[in-house]
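Subject: Structure for your review

Dear colleague,

My notes on what was found in it follow directly after.

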Amino acid sequence: MAKKKCDFLLVLVLLYCGVCTTNASLDALRHSDCHSSSVSMETQILENFLTHQHTVTVIKSSSEIPIVSPYCLRNPVPLNAFTLHRFQLFVHQSLEQNTQELEYRMNECFVGSGRSEELLTELLPYLSLYNPRAKLLLITQDMVDQQLAELFHVAWYKYRLLQLLVLNHHGNETIESCMFNPFRKELSLELQNMPTVKTDLHCNLLVDVAELELYNRDLTRFIDDRIYYLNGYPLNIAMHVSNGSTSAYDCILGTVSFTDIDQEILSIMQKLMNFSMILHKNELELSIGYIHQNGTPVGTLGLIENNLIDLAANSRIIHNYNTKNLLYLHYISTEKLVFITPRNYFKNRDKTQVFINPFSVAYMLTNVLLSFGVPMIIFLLEYAASRLELPTETRGYSFGAKVLNLVGIIYNVSVKLPRAARKRWIIVGLLVYNIVSYPIWQGVTIRYLHPSNQQVNNINSLEELIETDLELKVSHYHEHIVRHEGPHFQNPVYSALSNRLSTKNTSSLRDSIEQIIIHRNSALLIADEYVPLVLAGNYKWIPGKPDAIWPIQKPIYEFYKSMAVPKTSPFVGTFNDIVLHCVEAGMNDRFMHQLETVVQLMKIRRIREHPSVPNYIVFNMEHLEPLFIFYFAMLLLSSGIFLIELIVKRIERARTLQIVQPVEEYVPFEFTL
């Protein structure tokens with residue numbers, strides 16, 4: 001008697017906790033003897049059904065069929081209690097308040113009771129809306145075989161409630177326990193599901209508590225094995241079937257091919273789980289999930305949201321949209337989007353950067369300063385000597401004459417050195433400087449820039465790309481993602497680029513590459529991991545253009561690719577295990593290694609057919625043209641000075657012949673003919 005009082009107090013405590021943990025008002029349910037045979041069997045079945053510390057929600061829909069077993073659990077769990085009407089209101093309120101919720105709870109269990117009609121029309125629809133992944137224990141009485149089969153058929157095929165256990169009481173001491181495995185059913189020739197009959201159910205008739213130990217083990221094994229071997233069950237799979245990831249690149253790869261990681265994982269799943277595929281072949285851009293401006297899910301995302309598929313094998317879904325019925329598996333890899341542009345887009349920038357840059361300008365200015373500065377130094381030295389009354393070799397030679405003569409000396413006009421030691425050292429120093437200075441300055445210039453034409457003449461940054469008038473293109477496959485993120489880019493460069501993107505004539509990668517190589521009027525946004533593949537390609541269909549594409553290394557966008565399944569799919573856990581197993585086994589590394597191998601093979605083939613061009617600046621007469629023009633102008637100037645000197649000399653000699661006693665004047669710079 002004392003034990004019964006303790007049990008009764010425990011029930012009151014659980015009811016009180018249930019009132020505290022639910023937002024809806026609860027109805028007190030009457031208590032029966034927990035030690036009766038049927039209640040004891042029902043309680044032990046529920047205890048075995050409750051794994052991972054489930055919470056229990058009791059839904060009373062019929063006063064004729066009481067629910068007692070949740071209150072008789074030896075290990076109490078959080079308990080809620082509802083009438084059927086209040087549970088329906090609670091579901092409506094939850095859907096209105098939790099529109100942002102993305103995941104159904106895995107640890108919930110609902111216990112309901114009622115007749116077949118009540119369960120089918122008033123309970124199952126609301127359980128499907130609230131949490132189709134929860135465990136569900138239904139208690140009923142004297143339900144005939146046809147009604148049982150119909151209950152399970154509707155629960156799975158209409159409401160996707162797979163974790164359903166029905167306890168059908170026959171009298172006071174007999175319980176019929178039934179579960180359903182739809183993947184063992186036969187299929188019609190059109191892969192349509194046949195009507196469910198009693199023989200499709202997994203039922204056990206229990207009359208003694210001693211049978212429960214064996215039954216519980218069998219029930220646990222049945223639940224665990226139900227979705228690990230699907231016996232040819234048809235799964236609806238959305239996928240862009242494209243011979244792996246290389247469909248757009250087959251024009252480059254030729255006979256070389258490799259398997260897409262999504263398809264390989266899907267193949268492993270099919271082999272391990274033995275299912276048949278019903279493929280929903282989408283267009284390339286629809287193989288991703290995205291949202292229209294009006295909030296409507298489109299593509300794979302729409303199929304998932306409406307429970308029309310079991311698996312989106314190569315879905316690319318990266319945003320938390322306001323959709324409740326989505327589940328995302330672990331990320332497999334990251335894709336970076338980068339631009340490929342025409343190679344050597346700035347054809348002549350190497351010349352301007354080599355010959356018109358701070359170093360070259362500094363060299364020319366130094367020559368000019370020396371041309372006019374050294375004569376000034378000589379003039380000041382002579383002026384100082386005259387003030388100090390030092391002996392001098394000559395007087396009266398103008399500063400202008402010194403300047404004109406030294407300009408000729410600096411620019412390599414052959415002259416006779418002056419007799420004065422001071423002046424001779426200055427001029428010899430200038431001549432030595434002139435011989436060794438230009439190679440030194442030019443070497444510093446080239447080293448400062450880069451030893452490669454590629455860094456000089458190519459578009460190497462997104463900022464440079466914006467400044468060009470190239471048409472920026474992106475495939476439909478990536479356009480929806482970039483468009484969605486475009487207005488939200490923090491980087492103004494990214495925003496500017498996304499606003500200029502166009503999808504015109506991007507259905508074929510081959511055509512897009514041709515536009516870049518031949519017309520040089522566009523740049524294309526592609527996945528970074530495939531850039532080496534594109535660069536290593538032989539564009540044989542474009543004569544004389546083996547390599548004309550240059551990538552910008554900085555990515556404009558990064559996003560994840562994932563495999564997604566609907567929340568209501570029973571394969572969630574199994575798919576997770578298989579995907580994680582594939583990733584842990586290095587499948588992603590294997591995929592990247594395959595890609596690198598293909599790239600290396602294609603590089604070898606390209607080098608054999610097109611010998612490599614040295615990756616450094618090779619100067620030729622065209623590159624030296626600005627230097628030749630400058631020095632030719634200086635030579636013309638010095639030649640003019642030389643001719644003027646000859647004319648002046650002739651005039652002076654003619655005048656000295658008329659004088660009886662000519663005065664010999666010393667000329668510090670005597671040009672040699």
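A residue is called buried under 20% relative accessible area, exposed over 50%, and partly exposed in between, with a 1.4 Å probe and protein chains only. This is a predicted model, in which local features need pLDDT of at least 70 and side-chain atom pairs count only at pLDDT 80 or more, while totals for chains, interfaces and linings use all residues. Residues are numbered from 1 along each chain as its sequence is written, and side-chain values use heavy atoms, with hydrogens and water left out.

Salt bridges

The structure holds eight salt bridges, each defined as a side-chain nitrogen of Lys or Arg within 4 Å of a carboxyl oxygen of Asp or Glu. Helices (H or I, at least four residues) and strands (E, at least two) are DSSP runs numbered from the N terminus.

Arg217 and Glu213 meet at 3.4 Å, N to O. Because these two residues are four apart in helix 6 (residues 212–225), about one helical turn separates them. Arg217 is partly exposed at 47% relative accessibility, whereas Glu213 is exposed at 56%. Asp218 and Arg221 form a salt bridge of 3.3 Å, N to O. They stand three residues apart in helix 6, so they too are separated by about one helical turn. Asp218 is partly exposed at 22%, and Arg221 is partly exposed at 46%.

A further bridge joins the side chains of Arg160 and Asp310 at 3.7 Å, N to O. This pair links distant parts of the chain, 150 residues apart: Arg160 is in the loop between helix 5 (145–157) and strand 5 (164–170), and Asp310 is in the loop between helix 9 (300–305) and strand 12 (311–312). Arg160 is partly exposed, with a relative accessible area of 22%, while Asp310 is buried at 5%.

Nonpolar cores

In soluble globular proteins, nonpolar side chains tend to be buried together. A nonpolar core here is a set of buried Ala, Val, Leu, Ile, Met, Phe, Trp, Tyr and Cys residues joined through side-chain atoms within 4.5 Å. The largest one has 65 residues, and the members touching the most others are Phe87, Leu124, Leu127, Leu138, Leu230, Met269 and Leu311. Helix 4 (residues 116–130) gives the most to this core, namely seven residues. A second, separate core of 27 residues includes Leu50, Leu79, Leu165 and Leu206.

Contact means heavy atoms within 4.5 Å. What does Phe87 touch, not counting residues up to four places away in sequence? The list is Ile59, Phe82, Phe110, Leu123, Tyr126 and Leu127.

Thr341 lies in strand 14 (residues 333–342) and is buried, with a relative accessible area of 0%. Beyond residues up to four places away in sequence, Thr341 touches Ile459, Leu465, Ile516, Ala523, Ala548, Ile549, Trp550 and Ile552.

Ile67 is placed in the loop between strand 1 (55–60) and strand 2 (79–83), and at 4% relative accessibility Ile67 is buried. With residues up to four places away in sequence again left out, Ile67 touches Val58, Ile59, Lys60, Val111, Gly112, Ser113 and Ile139.

Aromatic pairs

Rings of Phe, Tyr and Trp (its six-membered ring) pair if their centres lie within 6.5 Å; planes under 30 degrees apart count as stacked, over 60 as edge-to-face and the rest as tilted. A search of the whole structure finds 13 such pairs. In one of them, the rings of Phe110 and Tyr130 have centres 5.9 Å apart and planes at 85°, so the pair is edge-to-face. Phe110 in strand 3 (residues 108–113) and Tyr130 in helix 4 are 20 residues apart, and the pair links distant parts of the chain. Phe110 is buried at 2%, and Tyr130 is buried at 14%. Ring pairs also link Trp156, Tyr157, Phe183, Tyr233, Phe571 and Phe575 into a cluster.

With kind regards
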